[in-house]
Amino acid sequence: MRLIFLGPPGAGKGTQATRLVKKHGIPQLSTGDMLRAAVAAETPIGLQAKAVMEAGGLVSDEIVIGIVADRIEEPDAAKGFILDGFPRTVAQAEALDKMLAEKELKLDLVLELQVDQTALVDRIVKRAEEARANGEPVRKDDDPVIFRQRLDAYNRDTAIVAPYYRERGQLSAIDGMQSIEAVADQIDAALDACVVTG
């Protein structure tokens with residue numbers, strides 16, 4: 001089972017991916033984690049990434065795809081994987097398709113958690129206010145200013161990835177405004193339908 005999770009920050013991708021990891025025994029792959037692991041392991045692609053990062057540059061799509069390609073060869077990904085936070089652009093989606101085709105693999109499903117972004121911002125603002133009221137530190141991700149910046153970046157760069165997969169008949173839209181349990185049920189139904197249609 002090879003899945004991609006799409007959706008804006010705060011939509012609940014991490015919560016649902018964690019559940020699927022436990023249920024199906026497949027790893028959740030975050031490009032940030034994979035990048036750090038490749039750099040730490042000093043793999044050939046990790047050394048390339050390290051040189052770029054040390055020079056203050058952004059790691060290219062080619063390097064990121066190389067890191068994903070290496071990671072999905074590891075034994076724990078033999079039954080599949082969940083990509084979270086990748087691809088972020090159509091160029092990355094195209095490069096991912098090409099890389100998987102070279103390995104004679106294909107994506108099973110792309111799950112897009114759709115949410116009301118105004119309600120999402122309100123939720124984050126409320127969470128930050130509650131933390132302050134309780135004398136707790138506000139998580140960096142819950143800072144409304146930082147959150148809005150992340151949301152703007154998602155809308156500018158990543159939101160266009162969903163139509164790319166929709167055109168290919170690989171996208172399943174999930175109502176992310178429901179309860180965690182209802183979202184989970186909708187995801188499981190989409191996965192069951194995907195397995196049935198093959």
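## Terms and ground rules

Ala, Val, Leu, Ile, Met, Phe, Trp, Tyr, Cys and Pro count as nonpolar here, Asp, Glu, Lys and Arg as charged, and the others, Gly among them, as polar.

What you're looking at is a predicted model, where local features need pLDDT of at least 70 and side-chain atom pairs pLDDT 80 or more, while totals for chains, interfaces and linings use all residues. Numbering runs from 1 along each chain as its sequence is written, and side-chain values use heavy atoms, with hydrogens and water left out.

## The largest pocket

A pocket is an open set of points on a 1 Å grid over the protein atoms alone, where a 1.4 Å probe fits, with protein on both sides within 12 Å along at least five of seven lines; its lining residues have an atom within 4 Å of a point. The largest one has a volume (the space filled by probe spheres set on the points, joined across faces, edges and corners) of about 1,100 Å³. It's lined by 41 residues, and Pro8, Pro9, Gly10, Lys13 and Arg150 are the closest to its centre.

By type, that lining splits into 15 nonpolar, 15 polar and 11 charged residues.

H2 and helix H4 (61–71) each supply at least two residues, with H2 providing the largest share, three.

Key. Helices (H or I, at least four residues) and strands (E, at least two) are DSSP runs, numbered from the N terminus.
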